[in-house]
Amino acid sequence: MTTALTGEPATATKPVLPPLQIGRHTIESPVVLAPMAGITNRAFRRLCRESGSAGADLGGASGATSLYVNEMVTSRALVERTPETMRLISHGPEEHPRSVQLYSVDPATAGLAARMLVTEDRADHIDLNFGCPVPKVTRKGGGAALPWKTELFRGIISNVVREASPHNVPVTVKMRIGIDADHITYLDAGRIAEGEGAAAVALHGRTAAQAYSGQADWSAIARLKEAVTTVPVLGNGDIWSAEDALRMVAETGCDGVVVGRGCLGRPWLFTDLAAAFAGTTARVQPSLREVTDTLRRHAAYLVDFYDGDELRGCRDIRKHIAWYLKGFPAGSTVRNQLALVDSLQALDDLIGTMDLDAPWPGDPAEGQRGRAGSPRVVALPENWLRSRDLDEAQREQIAHAELSVSGG
């Protein structure tokens, strides 16, 4: 995209953070795209990388050098090579490092999935999901529920690291503060991950019970940084702008940031972040024409991702419409029609009815994106909180848990 910039462009300033080192990979712009289900497929990652590269003239690293992680796939589905899972782990030729996030509740299956990824040269980096708060995941003992069972947590990391390390593929861990305020896991989990050979740990500053509600507790990221001393600690939660990222680093001392909902409908955020960490104040402020150009390209990439299925690609782009148009004077009628778009031509026709010369709207386009939800009681397996060890019934239950988590 053509970047409309504000602030001071490239000058000889001191970088705020050095490049992020994850195993053998040097991430020049110390930013990670958080895996998001139904969002961070190959099409969206390509768009973010391209949008980030537009700011290379701002000084320091290009946003294209950030780490872009695919959406979560289940280890069981990967081992069984289900067609949708194989699509989800596909990468474009421009992607490096190729990053895959695995979900698992079973150390043996996790190890087999990692072996497949590294022996078949399908990934250069593996991230392990221990942060998902979705009920269908936690009620089976997965995601943010799993670190409560410390030996199970240790076993999954150990098995994946053992398979990946001979191929020089680093393994990282993403997690939350805990299950709820009474069941905090992140400090123990961080130390275990470090001890088992994880190349970095990332912490979302919320519990599973919070989901995405309230405010992320960045002080927990600072405490994790104090506890984990030999590998990078990354901070995640409530980064809506480059300024938020700078503040997180200043408050926590983290080595890099993980950005999720903040880039929804705003892939050029990776340009802003690269510029900010390079020490410049230049930021991207696109016009509506530039935003709709990006939206249209995103839709075309989705059609390609779905092997030319235009209807499926257009159905997928619908959920992104409101994020792209946040703050712009698009009108409710056009917005509603865009949310029903079923072809690229229909998308072009609707975009053509808009005032494409409208400038960046400023504050109305900033801030929170995506659904925050509300606090809730976490769905868990029976008697999950009674002990930090698995009992026999729980061992039997988790052996079948991955079968019920679909979508890759």
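**View 1. Accessible surface and charge of the chain.** In this predicted model, the accessible surface of the chain comes to about 15,600 Å², and carbon and sulfur atoms hold 50% of that area. The side chains that carry charge number 43 positive and 49 negative, and the centres of these two sets lie 3 Å apart.

**View 2. Fold and dimensions of the chain.** The chain contains 16 helices and 15 strands. Its radius of gyration is 21 Å, close to the 22 Å that the globule rule gives for 408 residues, so the chain is as compact as a globular protein of that length. Taken along the principal axes, the box filled by the C-alpha atoms is roughly 65 × 50 × 40 Å.

**View 3. Burial and contacts within the chain.** Among the 408 residues of the chain, 59% count as buried.

View 4. A211 is found in the loop that runs between β12 (200–204) and α8 (218–227). This residue counts as buried because its relative accessibility is 4%, and the cut-off for that class is under 20%. With its neighbours within four places in sequence left aside, A211 is in contact with P133, R176, R206, S374 and R376. A211 can also be viewed together with I179, from which it is separated by 32 residues in sequence and, C-alpha to C-alpha, by 9.9 Å in space.

Technical notes: Residues are numbered from 1 along each chain as its sequence is written. This is a predicted model: local features need pLDDT of at least 70, side-chain atom pairs count only at pLDDT 80 or more; totals for chains, interfaces and linings use all residues. Side-chain values use heavy atoms; hydrogens and water are left out. Helices (H or I, at least four residues) and strands (E, at least two) are DSSP runs, numbered from the N terminus. Buried means under 20% relative accessible area, exposed over 50%, partly exposed in between (1.4 Å probe, protein chains only). Contact means heavy atoms within 4.5 Å. The radius of gyration is taken over C-alpha atoms; the globule rule is 2.2 Å times the number of residues to the power 0.38. Accessible areas come from the Shrake-Rupley method with a 1.4 Å probe; for residues, only the protein chains shown count as cover. Lys and Arg count as positive and Asp and Glu as negative; His and the chain ends are not counted. The place of a charge is taken as NZ of Lys, CZ of Arg, CG of Asp or CD of Glu.
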